[in-house]
There are 2 protein chains.
Amino acid sequence: MRVRPFRRVPQHKGSRAWKWHQQESDEFEPFESRLRKGLWCPPRLRGRDASVIEEVNDWYFAMLHDRQRNDFYWSALGRLVKGKRVVDIGAGCGLLSLMAARLGAESVLAVEASREMCTLARLNLQRNGLADTVRVVNSWSCDVALPPQERADVVVSETLGTLLLGECAHLHLSDARKRLAKPDAVVVPACGTQFARLVMSPSLASLSAAPPPEACHGFDLSATNALQDTAGLYFTKDRGVRLSSLTDLTAMSQSIPLFSAEFGVTEPHDIPRSMTFQVEAKHSGVVHAVVTTWEAEAPGGGGPVLSTDYESTRGQPWGFFRDMQWGQGIQLVEDFDAAPRLASRGAAPPPVPFQVVEGERLALTVRLSHPDRMSIQFRLQRARDQ
Amino acid sequence: MRVRPFRRVPQHKGSRAWKWHQQESDEFEPFESRLRKGLWCPPRLRGRDASVIEEVNDWYFAMLHDRQRNDFYWSALGRLVKGKRVVDIGAGCGLLSLMAARLGAESVLAVEASREMCTLARLNLQRNGLADTVRVVNSWSCDVALPPQERADVVVSETLGTLLLGECAHLHLSDARKRLAKPDAVVVPACGTQFARLVMSPSLASLSAAPPPEACHGFDLSATNALQDTAGLYFTKDRGVRLSSLTDLTAMSQSIPLFSAEFGVTEPHDIPRSMTFQVEAKHSGVVHAVVTTWEAEAPGGGGPVLSTDYESTRGQPWGFFRDMQWGQGIQLVEDFDAAPRLASRGAAPPPVPFQVVEGERLALTVRLSHPDRMSIQFRLQRARDQ
């Protein structure tokens, strides 16, 4: 799991993508040092890696409960690994390596940067009688080297974030495929597509704006809206919001495929830094936000698809766990072109809501962070030809 | 709002409570510097304080929408401030100061450490025609000094966290009452009580444990449970969980009042560092977690009460916003006394679930962090006299 220091890091945070090789995988802060003075540390947790404990309890356990995700990998590996060499990038507690071994892989190399997780993965392998097939290596995948005869036929990894490329799956899978796998190796997942959709939701919008006077004892608090963040994407899980439980969420556009990545092949420079999509408003109203979701597919297609769309997770027994792991990205929308142009900053101009009428043509510009393409930013405008 | 750098900081994080005076309130990171390379910063947000923008969009806007909270302050101030001098500690965008001014206060001193928020508070005061009554001071409250004749009759503040004392309301209100208010000054809220309740919820427990083999293609992943955190309290909002939307949550005990604080009077050393409560199991089953909630009251009592209990927020129109601001604290429970005593750490002993039978007597030990009493930690055991 330690190929994923990027999970749930929105674009506000500094990129650590290019600092992998500077990190020492055996440096860590012990759990007890994060407890405030006066609190007790159970012996079981003493000396363990605090940041790994935090990540595992925050989203990793939830991920292990996502049955449809597990079925996706079980099904894909079942068609690919019999008699093959497999490498698992960011193996965590070893579930995907266990699957590959049980499904008949000749050998599995499980690469995991957290020493803590490697220890537990080895225990899990022993308890399942598969320790002879799987070798656990405590390293960042970019620091592992393999001679040609030991390279893998199948590269498997689950390093997808709330954003498709938010954990740099494209970076370490293209690196792993080049250096740790045979030239004709197959990668699981094979590819993924990042989507975006315009939505209207008064309750979602209320979370990011001051209340109107009639809802707040008559007070005009509109100056506060100068701080409304319409430039950054936030992750639903970080704010405690589950889109599938909002009762007033209306899709204001189709789900728009922004770009696709072929894992193991796509390099960051294969994805444009900026793209503009023509979008038609499905309803009249206000576009409050852009919601990001993604889909990932197994090699050969035809099998189950992994999706973070809130329409896919709603009502599913595994939906709760998927939302507690990935959720969706949300960027608030404002009508920048309608903003008062001459307003001084001292006047704290508030963002102007983006009103649309049904059938109106809009232009959604998508920017990706450079050079990693990990983060996404949207800007909605009226289509120019209207 | 900048008296609250502590909001939503669970006990894992280092205390900044004693570093207030070292902080410079006009040092900040501009918003654009947190955007990844390649992304665009709207002119409206350029040069603004990034951490204030993050806090305001994360929970502050949600808080302003909590009508029952606003009504609590409106009602309490309405009975107290006519013709009086008021000081508002951590004034944020100025809502409580606006209320006091509109309700007839002679003067209001709004103390706010964020320069950004002070600017917006002044705009809000102008827009509501109350700028003559309210003076905004950009400072930490502990750095403000007032001559005796300018001291306040009423101290108002909303610096409550997910934990009652999690933002150090007790520290800065006792300081403010001593130095910025008259000896007989009234504080709003007057007092608060911290509660805890034992709960059973398989879905909540699943978020913090590996799935059993039958739910995960037959694999035994139990070694991973060595990382289950049963020592730290997490905040529901931080993990994306809303207790009021869990369908399998059962109260396994009464709601237990742990301690009360009289704001402006209670000092940290008035609250014991450790307490043990006798608790009776209401049902047979597993105690998965302890949930913390609090209640706060206005001076004189009798008016509305502020509560973070998920039973209070469920189904209320303001419940969503309260959960998006405060939510609850959760600490997982394990049966430490039933843990294998001789297990070596290498064997990664998993936590033992805490099974109870209806009517069983239990002992809940509560530890508070020292010296601030900001954080709480629980340990559940069988009552010794059984």
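**Entry 1. Cys168(A)**

I looked up Cys168(A) and found it buried, with a relative accessible area of 0%. I count a residue as buried under 20% relative accessible area, exposed over 50% and partly exposed in between, with a 1.4 Å probe and protein chains only. Cys168(A) has a positive phi of about 65°, although it is not a glycine. I place Cys168(A) in the loop between β4 and α5 of chain A. My helices (H or I, at least four residues) and strands (E, at least two) are DSSP runs, numbered from the N terminus.

I note the ground rules here. This is a predicted model, where local features need pLDDT of at least 70, side-chain atom pairs count only at pLDDT 80 or more, and totals for chains, interfaces and linings use all residues. Residues are numbered from 1 along each chain as its sequence is written, chains are lettered from A and ligands numbered from 1 in the order in which they are written, and side-chain values use heavy atoms, with hydrogens and water left out.

**Entry 2. The β16–β17 loop of chain B**

I went to Arg373(B) next. Arg373(B) is not a glycine, yet its phi is positive, at about 65°. Its place is the loop between β16 and β17 of chain B. At 5% relative accessibility, I log Arg373(B) as buried.

Pro371(B) is found in the loop between β16 and β17 of chain B. The peptide bond joining His370(B) and Pro371(B) is cis, with omega about 5°.

I also checked Asp372(B). Its side chain meets that of Arg36(A) in a salt bridge, 3.6 Å from N to O. I use the term for a side-chain nitrogen of Lys or Arg within 4 Å of a carboxyl oxygen of Asp or Glu. Asp372(B) lies in the loop between β16 (361–368) and β17 (376–382) of chain B and Arg36(A) in the segment before α1 (50–64) of chain A, so this pair joins two chains. Both Asp372(B) and Arg36(A) are buried.

I found another cis peptide bond between Val188(B) and Pro189(B), with omega about 0°. Pro189(B) sits in the loop between β5 (181–188) and β6 (191–200) of chain B.

I took Lys182(A) with Asp153(A), whose closest N and O atoms are 2.8 Å apart in a salt bridge. Lys182(A) lies in strand β5 (residues 181–188) and Asp153(A) in strand β4 (residues 152–157), both of chain A, so the pair ties together parts 29 residues apart in sequence. Lys182(A) is partly exposed at 28% relative accessible area. Asp153(A), at 17%, counts as buried.

Glu267(A) and Lys178(A) also meet through their side chains in a salt bridge, 3.0 Å from N to O. Glu267(A) is in the loop between β9 (256–262) and β10 (274–280) of chain A, and Lys178(A) is in helix α5 (residues 169–179) of chain A, 89 residues apart. Lys178(A) is exposed, with a relative accessible area of 56%.

I noted a network too: salt bridges link Glu29(A), Arg34(A) and Glu54(A).

**Entry 3. Sheets**

In chain A I traced an open sheet of five strands, ordered β3-β2-β1-β4-β5, with parallel pairing. I call two strands paired if DSSP finds at least two bridges between them. At the edges are β3 (134–138) and β5 of chain A, each pairing on one side only. Strand β2 (residues 107–112) of chain A pairs with β3(A) over five bridges. Val111(A) has Val137(A) in β3(A) as its bridge partner.

In chain B I traced an open sheet of three strands, ordered β10-β16-β17, with antiparallel pairing. β10 (274–280) and β17 of chain B each have a single partner strand, so one side of each is left without a neighbour in the sheet. β10(B) and β16(B) pair over seven bridges. I saw Ser274(B) opposite Arg367(B) in β16(B).

**Entry 4. The second largest pocket**

I logged a volume of about 530 Å³. That is the space filled by probe spheres set on the points, which are joined across faces, edges and corners. α9 (319–325) of chain A and α9 (319–325) of chain B each supply at least two lining residues. α9(A) gives the most, with three residues.

Methods
On a 1 Å grid over the protein atoms alone, a cavity is a set of points where a 1.4 Å probe fits but cannot get out, and a pocket is an open set with protein on both sides within 12 Å along at least five of seven lines; lining residues have an atom within 4 Å of a point.
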